[in-house]
Amino acid sequence: MNADDRRCISEVLNGRTEAFGFLVKKYQDRLYNAILRVVDNREDALDVVQESFIHAYQSLNSFKGDAEFFTWLYRIAFNAAISQKRKRKVQLSLDLPANENGRSQEPEDQSTLNQPSDRIEQEESDQRIHLALSRLAPEHRAVLILKDLEGHRYEEIAEILDIPIGTVRSRIHRARVELREIIEALENKQ
Amino acid sequence: MTPKERELLTLAIDGELSATEARQARRLVQNSPEAKAFYLALKKDSALLRRLKTTNCPVDLSASVIKQITDNSITPIPAPPTHKRRPRVWYPLALAASVLLFITGVSTLIFDQSRTKEAGQGEAILAKNSITTSRSSTKPIRTTHDLSIPEDIVKLLPPTDAHPTIPERGVVVDQPTQPLAVEVLAIQPRELKDHPLTSPIGPEIPDIIPVGLDRLKLTKFFEASQLLKDSERAKLLEEIKRDKIVRLDLFAHSTTKGLDLLQNVLKSQGVSLMMDSFAQDRLKKNQATDILIYTESLTAEQIHNLILNMVKVDSQNSITNLDTLVIAPFQKVDLDKLCQSLGVSSSQLNLQPTKGGTKPSTPLGLEQGTANSIAHALSKSPSNKAEPVAIGVSYSPLNLNARSSKEIAVYFDKRGERKADHPPLMLVIRATP
């Protein structure tokens, strides 16, 4: 485990609550970015991340220190995000609501219209992948985010999500195939 | 494309393939345009995902988290008490001390015994030589001691003035005597006769027995994909024929598939494979297990054909399952493992071919210890007619129920007597690491 994290945790456990602020500051951006992709909603993402930090603080005594602190934190946050997403089931994104064409209804940033065409194409493909990602099951979304966005290895993903490595393999496979099918469907509609 | 191939390509995107899998994936992409298109599309999706903009947290959560913690007086929940035993430091110390004490005690005892023995030997030699001294004084190493007779012994002796009387000679008068001297011998050096270091070099030196290199048997590895080549096939047959008991390890990516393939090929050769229920259970539950196949129903040529047919069928798939075949000499440890896996003793297994006589059939029921099974076993006449059968069991240390396996009992009932040209075959299908 990271030495700074270890020191902070021991300080928190010795009664210095403020030391926990350092850990929050250190990991909030990374965690928020990942959780946002899972819950697909800024407010929900903020709630999940904040709740995860508080839950981590409460459970700090049970953190054994044999894994990285952020791996443990990810486990808490991803479990919370997946269960929240399951509760809400099919909820249209407030950030990127899709119309019947699968295109974003969010007002377009006028500045992008002045950019070269490849930039626009890139933004379109980004939106498409974002939309496709949001249509995946939360479990599939989580593994893809951890793999492609966060760059974790299968073993780490298995540890974060607390599932066997074989399940990680099969979930990632199904997620990729499903994502491809959604993207193809979106491309055909256009 | 099969689902397995699609999964292989997904794993290739993530760089989570083993070397063999990577080779298969590369071959697949090169040979199939569909696979290539699928692979490239997945790669593109993955790249797009990686390229997605990162979104930082819009607010600094540290202040609000700390505020929430202090406002609600949240404290870390104490961890549940763990019943962790304190490491008992004195355990190893006590153990070390007792070992030391034991060694000291034993060595003292041995030393004492050896000293007593040496002293005894010394005294015996002394006594012997004290007798021989008077007769012969030609020994080379001698020391002289003045021995005076102790007073208490002197009292018991007849008075000095009393002269002994010899009837024929009358009274014997002592001659003036020299001081009594006893010569004590030191231990003589050992004489080494016919010792190779001391004896001269002569014709007696035994001949050096030449090592029969041609008779040495080493472990051989055959890559499954290469076995269809004529040269490799010939080598394989030669290796199989050299063994009285054939020991093969067949590495496969999936033991289940490997077993299915083996079962089909055995069937085509007229041998029925019986699978032990424990192994079947493990295969059904998809638990990783190696499978041991044992049969006495194949000749060396048939074993050779069995392997080649398996490789042939396997090579027709786009993704091959069989990886490597290993032929190793059959060792004592293999016999133990075989007996353990089949739940029989080596005498029950009886790997020696019968010469005209009948093989003593020991039904496994006897091991169960029930009166019924004993009666059944005793009333049953040994079946001499061998059926072409093979038995498959889990090659796992967890397989503890082999003795009570019905399938194994049936196998031993059916196998009958083994022909001399049918070497026992122990084949283990293993998962590639």
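A polar contact is a pair of N or O atoms within 3.5 Å; within protein, one atom must be able to donate a hydrogen and the other to accept it, and residues adjacent in sequence count only if both atoms are side-chain atoms. The model is predicted: local features need pLDDT of at least 70, side-chain atom pairs count only at pLDDT 80 or more, and totals for chains, interfaces and linings use all residues. Residues are numbered from 1 along each chain as its sequence is written, and side-chain values use heavy atoms, with hydrogens and water left out.

**Exercise 1.** Describe the interface of chain B and chain A by its polar contacts and salt bridges.

*Solution.*
Step 1. The rule finds 15 residue pairs in polar contact across this interface, both residues at pLDDT 80 or more.
Step 2. It also finds seven salt bridges there (a side-chain nitrogen of Lys or Arg within 4 Å of a carboxyl oxygen of Asp or Glu).
Step 3. One of them joins Arg50(B) to Asp148(A), with the closest N and O atoms 3.5 Å apart.
Step 4. On the side of chain B that touches chain A, α3(B) gives the most, with 10 residues (helices are DSSP runs of H or I, at least four residues, numbered from the N terminus).

**Exercise 2.** Is Ser125(A) buried or exposed, and which residues does Ser125(A) touch?

*Solution.*
Step 1. Ser125(A) lies in helix α6 of chain A, residues 117-134.
Step 2. Its relative accessibility is 11%, so Ser125(A) counts as buried (under 20% relative accessible area; exposed is over 50%, partly exposed in between; 1.4 Å probe, protein chains only).
Step 3. Leaving out residues up to four places away in sequence, Ser125(A) touches Leu48(B) and Arg51(B) (contact means heavy atoms within 4.5 Å).
Step 4. The side chains of Ser125(A) and Arg51(B) make a polar contact at 3.2 Å.

Key
Chains lettered and ligands numbered in written order. Helix = DSSP H or I, 4+ residues; strand = E, 2+ residues; numbered from the N terminus.
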